[in-house]
Amino acid sequence: MRDRVKLRNRPSGWILAFVVAVAVSVGSEPTFAQQELVLGFLAAETGPFVSLSRPNEIAVRMAIEDVNAAGGVNGKPVRYIAFDTAGQPGQTVVGLRKLAEDDRVLAIIGPFSSGQVQVAAPAAERAGVVIMAMASSAPKLVAKFNYAFRNTSDEGYMFERVMRSLKAKGAPAGSAAVAYANDDTVSRAMGEKVLPAVLGKAGVPIKATVDFKLAAFDLSAQVSQLKANPTDLVAVGAPPEAAIKLAQEMRRQGHGGRIVAGSTINDPELPSRMGKGRQRHDAALDLLRRPERAHA
């Protein structure tokens, strides 16, 4: 095998680095006799995060194809075993234990969300298996663990970039409301801590706060409260599906505020999924894709 595989400027780059690092560190052990190197993947192929997490499995496949096309690791091919967690913390622990104890994988890519990482980190510590989450961004979730890592930025950092961009564009930002899902770890952290803190730092007063369940179908009551206290911005802590429902209800009730968020709503298809007459929005992914707008 070539000892180095070039990291390409694409989403699979960090996964490729993770695959190579883990495989080389274990595959080079003299006692390691397996004919292939097996990784686990805690996917979210169903559930509330499916639109966000779908590209991750594509990136995993691309990364492993790159490694194997270069001859594998020390001549050994790499493959992965996926387990669908449905984005649920309970299923995440079940999947982690299966991959670590039954399949005896070298390390695990995933899980996806902060709520999953919150339970997966201690489970990984007990099992002695390394995990690397792809999108978990609630502050300091893995700071105390030796086997849990995250390839993401803190939500506070990303939302600060959004607010700086709004200021640079001269977008109206004289007042804000906060809307968040109260039964999801990162959404709750966004709604109760991150969004209020960053808005306060930016000098934007919060006139209203509403919360809702992640799977709620009807957000008319929450939007009625927002409309009773109209604001320039509606800061959202929720995954894309909930943000889309909120935007659609805002449009139905005639609320013209701009939706702002961190990375929790970063679905590449979000604008088209919001439909005709979609709500204005600014999210961290847009700024990372178009850094000239971030003024960071």
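1. Helices here are DSSP runs of H or I, at least four residues long, numbered from the N terminus. The model is predicted. Just after helix 6, glycine 203 adopts a positive phi of about 75°.

2. Helix 6 itself has 17 residues. From first C-alpha to last, helix 6 reaches 23 Å, close to the 24 Å expected at 1.5 Å a residue. There is a bend in helix 6 of about 45° at glycine 191.

3. Glycine 191 is also among the buried residues of helix 6. The others include Thr185, Val186, Ser187, Ala189 and Met190. Further along come Val194, Leu195, Val198 and Leu199, buried too. The cover over these buried residues includes helix 4 (114-127) and helix 5 (155-169). Strand 6 (176-181), strand 7 (206-212) and strand 8 (233-237) are also part of that cover.

4. The largest nonpolar core holds 40 residues. Leu96, Ile108, Phe159, Met163 and Leu199 touch the most other members. Helix 6 (residues 185-201) supplies the largest share of this core, 7 residues. A second, separate core has 25 residues, among them Ala177, Ile244, Ala261 and Leu270.

5. Look next at phenylalanine 159.

6. The largest share, 5 residues, comes from helix 5.

Conventions
Residues are numbered from 1 along each chain as its sequence is written. This is a predicted model: local features need pLDDT of at least 70, side-chain atom pairs count only at pLDDT 80 or more; totals for chains, interfaces and linings use all residues. Side-chain values use heavy atoms; hydrogens and water are left out. A nonpolar core is a set of buried Ala, Val, Leu, Ile, Met, Phe, Trp, Tyr and Cys residues joined through side-chain atoms within 4.5 Å. Buried means under 20% relative accessible area, exposed over 50%, partly exposed in between (1.4 Å probe, protein chains only). Helices (H or I, at least four residues) and strands (E, at least two) are DSSP runs, numbered from the N terminus. The expected span of a helix is 1.5 Å times one less than its number of residues. The bend at a residue is the angle between axes fitted to the seven residues ending there and the seven starting there. Contact means heavy atoms within 4.5 Å.
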